[in-house]
Amino acid sequence: MDKWKAVQEVDRQADMFCRISDEIWEHPELRFEEYVSAQILKTALEELGFELSDHLAGLETAFCGRYGSGHPVIGILGEFDALSNLSQKADCTEPSPLVPSGNGHGCGHNNLGAGSLAAAAAIKKYLEESKNPGTVIYFGCPGEEGGGGKTVMARQGIFEELDCALTWHPNDINNVWTGSSLANVQVHYYFKGIAAHAAACPHLGRSALDGLTLMNTGVQFLREHIIPEARIHYSVLNTGSVSPNVVQAETEALYLIRAPKSEQVKELYQRVCDIAEGAALMTGTTVSYYIEKGYAEIVPNHTLARCLYDNMEQIPLPTYTEEEKAYARAMRAVNPRYVKLSERLKGVLGEKGGALGVPHDGEDVSEFLFPYTPSDRALSGSSDVGDVSYICPVSQIVAATVALDTAAHSWQQVAQGKSSIAHKGMLYAGKVLAAAAIDLFENPELLRKAKTEQKNRLGDRSYLPLKELCEQADKKTGKQADKQDREPVAISGSGAS
Ligand SMILES: [Zn+2]
Ligand SMILES: [Zn+2]
C-alpha cells in the first residue's frame, strides 16, 4: 500500500482525533488518576479495531492497543496526564481558571495522547492494506509529569517486545529531538526532632526545622562544586508548624536532582544525602529519606531521528489562516519572553543558522522546520521516555501546537490546548510518526541500524530504574535509603519532568 495513502488516514479521521484531544483537555487529571482520559483513548482504540490490554504493570490507567502480528513491533507512546493548579479557560489571554485551583493541560498531553493515536491508526491502516507482517502498539502511558508511568512499565517488561518506539511532544517549534535529556531522582528528606516550648525550655527541644534549613544551606554550597549541567531544586513540604513558639519536631523537603547521566545523578544523590546526614548531626535530629522516583536520561538514536526528520520534510507543515495568525499574535503577546526566531536559531546554530530564521521572524506561530542538526546534548528537562530508550531504540519529534515562545507548564499553554493551531500541530505529528513507522516496516535494514546504534550507545549499561540504582548504592555504603519510617507527604502532580 502506498505510504501516503495510509498517512491520509490521519486527515480522514481528523475530527475524531481533535474531539479526543479536546475531551481530554476538558478532563484534566493528575498522575495515575487519569481515569476519564484513559477511558476516552481506550474507547477510541477499540472503535478503531485495536486489541486492548488494560492495567499494564499494575497501573490502573496504563493500557495498550495492538494491531497486527509478528515483527517488526513498533510502539507509539501516548501521554494524557495534566498538571495541578493550572486550570485555565480556553483561548483566554489572561490568567482565568476554569476551576479555581483546578488542574490543566499545561504540557499539552491532551494533544500528545490524541496525536499518537492518530499515528497508530494510520499505521494500522498500512498494515491492514499491505498485509505485511508487523505489529503496531499504542501505549497509553500515565503519570509522565510526576510518577513515571513508563518507568514502572519498563521495569515490568512492558516494552520488551518492541523493535523501536516513536513519540512526539507539543512545542512551539517543529523539530526532531536528536539529543538526550537529564536523568533525575526525586527524593523526600524527612527530619525528626523533639518539640518543646521555644521560650520556656528550648534546651529540651531539637529543631527539625533547623536540620532542614542547614540541609538546604549545605546544598546551596554544594552547587558550586557540581558539574554545570546538573540541577538540584527543592520544595519544602512541611515546615513543622505555624507556631514560632514551638521547637519544630517534624519537617520535610522534596528534592529533585538532575544530571545528564544516571551515574552522575546517583553520585549527586549520595552527596545530597551526606549533607542531610550532616545537618541532622549538627542539630541533634534524625533524617530519613525516600526516593519517590527516578527517570533515566534519553539514549539518543540518530538513525530514527533522521528517519523522522526525512518525513517532517516530506509532509507539508501546517499553514495558518489570518485568524489563526492573529490568535497566535495575541497569545504570544502575553508570554514572558519574546525572542526572534533568527536569534533563537543563532543561539543554537550560529550565524548561518540565524540567517535561516530571518524570513520567519514575522511569524507568531511557527511555519518553519528547524534544520536537522544531530546532537547528543542533554536538554534541560527530563522525561520517562528515557527509561524506554534503554530498552529499545526511541526517537521523538516536537511539533508546533502553540504560539512561539509559549512556555510549557504555563496557563498560556493550557489556554491554547484546544485551538485549531494545537489540532493542526497534533495531526502533523501523527502523520510524521506514521510515515516514519511505515518506512521502518518497509526497510528492515534501517531498523537494524537503529538497534545497533542503541546497543553501541548503551555499551555495557543495562537497564535498572534509577531509583533502584541509587538504593543499591546506598546498601553498598551502609546508608539508610530504606530507613523510611513514614509515608512521605502526598504531593499530587508534583513535576519530575
Ligand atoms: Zn511537562
Ligand atoms: Zn510533557
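A donor is an N, O or S atom within 2.8 Å of the metal (3.2 Å for Na, K and Ca), and because water is not among the atoms, sites may look incomplete. This is a predicted model, in which local features need pLDDT of at least 70 and side-chain atom pairs count only at pLDDT 80 or more, while totals for chains, interfaces and linings use all residues. Residues are numbered from 1 along each chain as its sequence is written, and ligands are numbered from 1 in the order in which they are written.

Select Cys107 to begin, and you will find that this residue bridges the zinc ion (ligand 2) and the zinc ion (ligand 1), which lie 3.2 Å apart.

Next, select residues 322-333, which form helix H10 (helices are DSSP runs of H or I with at least four residues, numbered from the N terminus). Colour Glu324, Tyr327, Ala328, Met331 and Arg332, the buried residues of H10; seen down the axis of H10, they fall within an arc of 130°, so they line one face of the helix (the arc is that of the directions from the helix axis to the C-beta atoms). On the other side of H10, look for Glu322, Glu323 and Ala333, which are exposed.

Key
Heavy atoms only, no water. Helix = DSSP H or I, 4+ residues; strand = E, 2+ residues; numbered from the N terminus. Expected span 1.5 Å × (residues − 1). Buried < 20%, exposed > 50% of the residue type's maximum accessible area, 1.4 Å probe, protein only.
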